[in-house]
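Hi,

Here is the structure I promised to pass on. Have a look at it first, and my notes follow below.

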Amino acid sequence: MKAALHRFGPGAVLHRFGLRRLERESPLRLVLLLCSFALTGYAGVRLLSGDWFGIVLWIVGAALLHDLVLLPLYAFADRAVGAVLPDPARWINHVRVPVFLSGLLMLVWFPLILGRQERRYEHATGLSADVFWPRWLLITAGLFAASALWLAVRVAIRVWRRRPGPRRGAPAAGERKPPAGPARPSRS
Amino acid sequence: MSHPPRTHRDRRALWRSPLRGPWLTSVLGLILLFGLPVLFVTGLLSYAAYNPDLSPVNDQTPDKGLLGFYLFTWPTNPSWLYRVNQGVHVTLGIVLVPVLLAKLWSVIPKLFIWPPVRSVGHALERLSLLALVGGGLFEFATGVLNVQLDYIFPGSFYPLHFYGAWIFMAALVVHVALRIPVMVRALRSRDLRAELRTRASDTKPEPPDETGLVSPQPAAPTMSRRGALAMVGTGSFALLVVTAGQSIGGPLRETAVLAPHGRNPGSGPNGFQINKTAMAVGVRARDIGPDWRLVVRGATGRETVLTRERLLRLPRHGAALPIACVEGWSTSDQRWDGVRLADLAALVGHADRPPRVLVESVQRHGSFRRVVLSDVQVRDPRSLLALRVNGADLSPDHGYPARVIVPGAPGVHNTKWVGRLTFGNFEEGA
């Protein structure tokens, strides 16, 4: 009987689903969570009194879209860029930072930049809606130009330091030690 | 301490950044811990500014019940109250977007923990985290879309953003309560100043601990923690620069190059920001032409009908007041000139202590065609039925022949193209 319980009892079922053992419950955690759910329920029935399916879709969809699409997508893109760059530890941020900033501005202001409500915006505000796309492009170009300029300065400094001559290996006064370590292999 | 036990189904190893760890997550969490309550409080204040308890006409959320427990009569002092409140709410919300994204990035391995559920409490906590992440993203998304007039969310903005905020806060409070000891421990585990001096090449992963955030197979660092925080901070700063000008106004308005109200629609006395043009809400030329009349009615039934010429001959007063929109943009003080609301109340039998007033516009559509102003608002000597602004007649887009201007009120309560004022008792049907 005892052996049968061990093999087929609830513990074994949980084990099969990866649950080695149930944690001991923290009563404080349970109380806090139940209080929170009470408020969620109170606000939730009011929130969902309209198009409940659409609203649930938006809330759950927002979490899923972010966690399972947006984040993996930019993480993968970051890894892909790291894989094609010769020495990612040294150079990747010259791509990463301008892409991040430009993408962030697009993420927040995309309805205006893409002119999604052009007519409504122009009717309401009396302002033209066609300035945002060129402005965003200009900002993006400026960010990449600044990054490229910085890159050029860094390359120039490296070349200058490595130039053959009597002062080889003697860094100029006040100069920082060059970034340490040999070139690292690709991260993935 | 060692890594939490892993099984072959543990997908946390997918995430290889050497920067992830409780310290970085806690720094980002700490910023949000200060920022999100400010968003919540300014949001609740903005909700109160509409005086929803005053009349069903003002109430966008008639079933709010206990969630309106804190409501109070919105004051008229200081006159910039709503302007600052809403500027902070919208600008701070936008500026926190990269912090929120970075925080979510830093904890993504937790989504893939195995076993997914360790106990009933753990299951409930994960359900609460769905409300936290989903509710948070919902609040940010509806806010960001609404200020750009992109109304693709499933319903009216006011109830969605208001009830959504309560759901987000319910989940946030319990999350903070459960995680604050971990956060404090993690923040103490590393010296911020030392961290801000560490370069990418010297960056080591945080020691593995029970939070499960540290990658079991970290990749070589390509960025320091200092760099990661600087990148997030630069993102916030960039958003601040392209946004804040629309709330500050003056010469700084033009710096808000990506914000909806970063330019003035014209020059001259009427060249300041417009929320809805006359055309947008269906005001036609004959609605505001020579046949326009203002009907003023008192609680006792006394009624008077005024032409614009009659109004101009009444005692006129000036007031320097801003227009501030729920969308976060605002104008600096404009010099308004018109008849006091209290004086108009006196014309129909409310000589002292005038009551609240129902203001109705001649506009054809728009959700704020009708609005009720409180007695506090009516009695303020700066509350005007404005006829002129900055030394010129109102333009049609700014509410010609006559508009309301009230200190400290949300922009949509400064009704344009006013056709009727009903003091005291009125039919409340929406």
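Across the interface of chain B and chain A, the rule finds two salt bridges. In one of them, the side chain of Glu125(B) meets that of Arg29(A), with 2.8 Å from N to O. Please keep in mind that this is a predicted model. Counting residue pairs in polar contact between chain B and chain A, with both residues at pLDDT 80 or more, gives 19.

Which helices of chain B supply the side that touches chain A? At least two residues each come from α3 (97-106), α4 (120-146), α5 (157-189) and α7 (225-241) of chain B. The one that gives the most is α4(B), with 15 residues. Sorted by class, that side of chain B holds 59 nonpolar, 20 polar and 10 charged residues.

As for the contact as a whole, chain B brings 89 residues to it and chain A brings 78. The area buried between the two chains is about 7,300 Å², and carbon and sulfur atoms give 70% of that. On the chain B side, Thr222(B), Leu258(B) and Arg263(B) lose the most area to chain A, together 11% of what that side buries.

One thing from the records: an unreviewed UniProt entry lists residues 21-50, 88-108, 129-149 and 161-180 of chain B under "transmembrane region". In the model, residues 129-149 of chain B are 86% helix and 0% strand, with the end C-alpha atoms 30 Å apart. Residues 161-180 of chain B are 100% helix and 0% strand, and there the end C-alpha atoms lie 27 Å apart.

Best wishes

Key. Residues are numbered from 1 along each chain as its sequence is written. Chains are lettered from A and ligands numbered from 1 in the order in which they are written. Side-chain values use heavy atoms; hydrogens and water are left out. Contact means heavy atoms within 4.5 Å. Buried area is the accessible area (1.4 Å probe) that two parts lose on being put together, summed over both. A salt bridge is a side-chain nitrogen of Lys or Arg within 4 Å of a carboxyl oxygen of Asp or Glu. A polar contact is a pair of N or O atoms within 3.5 Å; within protein, one must be able to donate a hydrogen and the other to accept it, and residues adjacent in sequence count only if both atoms are side-chain atoms. Helices (H or I, at least four residues) and strands (E, at least two) are DSSP runs, numbered from the N terminus. Ala, Val, Leu, Ile, Met, Phe, Trp, Tyr, Cys and Pro count as nonpolar, Asp, Glu, Lys and Arg as charged, and the others, Gly among them, as polar. UniProt positions are given in the numbering used here, feature names are shortened, and annotations may be inferred rather than shown by experiment.
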